[in-house]
Amino acid sequence: MELRETKIKAPSKISKYVNIIISIAIYMALSISLKDVAEDRILIILGREISLQTFRGVITQLQMLISVYLVLTENKPGYIVSVILNIYNTIMAILFMNNIKSPTALPGVISYVGVLSIITLIIFYKEKMTDYITEIVNQKKTLEESEIKLHRMAFYDLLTDLPNKELFINRLEQNIYLAKRNGSLIGVMFIDLDSFKSVNDTLGHSAGDTVLKTVAKRLENCLRKGDTVSRLSGDEFLVQISNIEKIEDMQKVSTKIMDIFKKPFHVQNIEFVITASSGVAVYPVDGEEPETLIKNADIAMYSVKGKGKNQCVYCSTKIKNDVVKKLKMKNHLYRALDNHELFIRYQPQVKADTKEIIGFEALLRWNNSEYGIVSPNVFIPLAETTGMIIPIGLWVFKTVCEQCREIFQKDYRISINLSLEQLKDENFIKNISKILEDTNAIASNIQIEITENIAFNEEPYVLQRITELKNLGITIAIDDFGTGYSSFSRLKTFPIDLIKIDMEFIQGLSQNTHKEKEIVKSMIRLAKNLGIDVLAEGVETEEQYAFLRDEMCDEIQGFYFYKPMILEDIKSILYNQTN
């Protein structure tokens, strides 16, 4: 059915002033009647004689009534007509009294003047009342607009105009109530944009806001009317898919949502490909309360971040258990130093040609009362995310310095691993310098190991910290060399004393592949040409050792010679080597 727009016609001037026209017509008719009986001076109505004076009084009262009526109903046009009417009658009454030389019409004159005063007061107070009413209406309109604005501020995101978390939870509660009655499923999807910070850093926050608006619009466009998308904070979004009959339907929707990120984003004539990590929790399997569902979707999303991002993962018991375990481990890690659960193992490093021990790598270990020996691959990232890496790192450095003085009688080199979070600490160099001073440790016996990705980080503070460490007399080693994005120019300019070839390349030597051998040869030659010593880590076989020795690799570290050991074993080995 075709809908046609209906236009309301504005009233014509005749219809607009119909009250004035009718009132004037009535008054003119009465005036003409008065003129017709003026000569007889007697009017007979219903068999009774009424004098002309009485009839004039009646006409005057009717004219007064008409005047007031016009002012009340027609505003200014009615007022103008009433004023003209009363002035006209006043003049006519005065002329009549002048002609007959009698004051008989004086009451009429007074009445007309009184009516003029009354209608003037009426129009004055009516206009004043209109102003009051207009002000009240405007205030009401302002209050309504403010109420709408406050409602949007309370329940909607100001940037994307999407519902905020509070409104999202409110709608989720309603959908859970309905789902309990009809036995349907509800999906809650937690979405976090990957590497969104790069957009803000590259083009500024206004460009980032444009991307967020675009993402919001794309999410809205791919959902049904009954579903809800909300901006949680920053670059995080929540999606609620209600009235789902089976989990397969939810998977189709989540796939459709993830597909919106396959299309590039265009900002300031620059094309961006932005991916997203998302986790999904399903009612009632993953929770029956809004906060529980959101929490479990968040847990699933963070599990994606650790698996390479740009994926959608559904919450599971294993994921939830892993998160709970990590949370408990974080709490244990806060107390690890006070509970004396941290300790150090030392793995010897030997000269390739003589097999003589020339140094050790200090390896941090954690023996937790609940979880036993925890792998460094597990607790080091936890320490970095919680900030505990700063006090733990200082404890390691101090412990190593103290043990260097007490146990390692010869000038053995002790290598200590350093994380990026420690380099960010502005007080790091000051604290290291104080430890060296307090323990009377020889700085040249200490070597700091930094992974290749950290060492060649573009942040200016990285080179600054490395230079400051070098100025203290500490030597610098690049760990896991070859696994990152090596920059030969930075390798040349950085104050590096040693590179450690990653064990990934060393393990490949046992496979007797030409490529692996050539890569290792190239690394050794590169370091030699730059005047940098080379250490191969992860050496486990005679074949690997023989190849490295023949290729003039300076140092060897690995199970082929020694495993990480406790201090007592180190003392015994050093005693035997000395004798």
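# A walk through the predicted model

Start by selecting Asp-194 and Lys-305: they form a salt bridge, with the closest N and O atoms 2.8 Å apart. (A salt bridge here is a side-chain nitrogen of Lys or Arg within 4 Å of a carboxyl oxygen of Asp or Glu.) The two residues are 111 apart and link distant parts of the chain, Asp-194 sitting in the loop between strand S3 (185–193) and helix H6 (197–203), and Lys-305 in helix H9 (residues 290–305). Helices (H or I, at least four residues) and strands (E, at least two) are DSSP runs, numbered from the N terminus.

Before moving on, note that this is a predicted model: local features need pLDDT of at least 70, side-chain atom pairs count only at pLDDT 80 or more, and totals for chains, interfaces and linings use all residues. Residues are numbered from 1 along each chain as its sequence is written, and side-chain values use heavy atoms, with hydrogens and water left out.

Is Asp-194 buried or exposed? Asp-194 counts as buried, at 4% relative accessibility, while Lys-305 is partly exposed at 22%. Buried means under 20% relative accessible area, exposed over 50%, and partly exposed in between (1.4 Å probe, protein chains only).

Axes are lines fitted to C-alpha atoms, for helices over the stretch in contact, and angles run from 0 to 180 degrees between N-to-C directions. Angles under 35 degrees count as roughly parallel, over 145 as roughly antiparallel, 65 to 115 as roughly perpendicular and the rest as oblique. To see the contact (heavy atoms within 4.5 Å), show Asn-296, Ile-299, Ala-300 and Ser-303 of H9 with Ile-319, Lys-320 and Val-323 of H10.

Next, select Arg-465 and Glu-468, another salt bridge, whose closest N and O atoms are 3.9 Å apart. Both belong to helix H16 (residues 460–471), where being three residues apart separates them by about one helical turn. Arg-465 is buried at 7% relative accessibility, and Glu-468 is partly exposed at 25%.

Which residue does Lys-470 meet in a salt bridge? Its partner is Asp-497, at 2.6 Å from N to O. Lys-470 is in H16 and Asp-497 in the loop between helix H17 (488–493) and strand S16 (498–501), so the pair ties together parts that are 27 residues apart in sequence. Asp-497, at 23% relative accessibility, is partly exposed, and so is Lys-470, at 28%. For a network, select Glu-361, Glu-449, Lys-500 and Glu-537, which are joined by salt bridges that share partners. The structure holds 20 salt bridges.

Now bring in helix H14 (residues 428–439), whose axis comes within 10 Å of that of H16 and crosses it at roughly 15 degrees. H14 and H16 are therefore roughly parallel to each other. Their contact is made by Phe-428, Ile-429 and Ile-432 of H14 together with Arg-465, Glu-468 and Leu-469 of H16.

**Into the cores**

In soluble globular proteins, nonpolar side chains tend to be buried together. For this chain, zoom in on Phe-397, Val-400, Leu-548 and Ile-556, the residues with the most contacts inside the largest nonpolar core, which has 76 residues. A nonpolar core is a set of buried Ala, Val, Leu, Ile, Met, Phe, Trp, Tyr and Cys residues joined through side-chain atoms within 4.5 Å. Helix H12 (residues 389–406) gives the most to this core, with seven residues. Another core, of 34 residues, lies apart from it; to find this one, select Cys-222, Ile-241, Phe-261 and Val-282, which are among its members.

Back at Phe-397, the residues it touches include Ile-416, Ile-432, Ile-446 and Ile-474, not counting residues up to four places away in sequence.

**Last stops**

Select helix H20 (residues 542–550) and colour its buried residues: Gln-544, Tyr-545, Ala-546, Phe-547 and Leu-548. Their cover includes helix H18 (503–509), helix H19 (514–529), strand S17 (533–537) and strand S18 (555–557). After H20 comes Met-552, with a positive phi near 70 degrees.

Finally, go to Glu-74 in helix H3 (residues 52–100). Glu-74 is buried, at 13% relative accessibility. Its C-alpha atom is separated by 9.7 Å from that of Val-18, 56 residues away along the chain.
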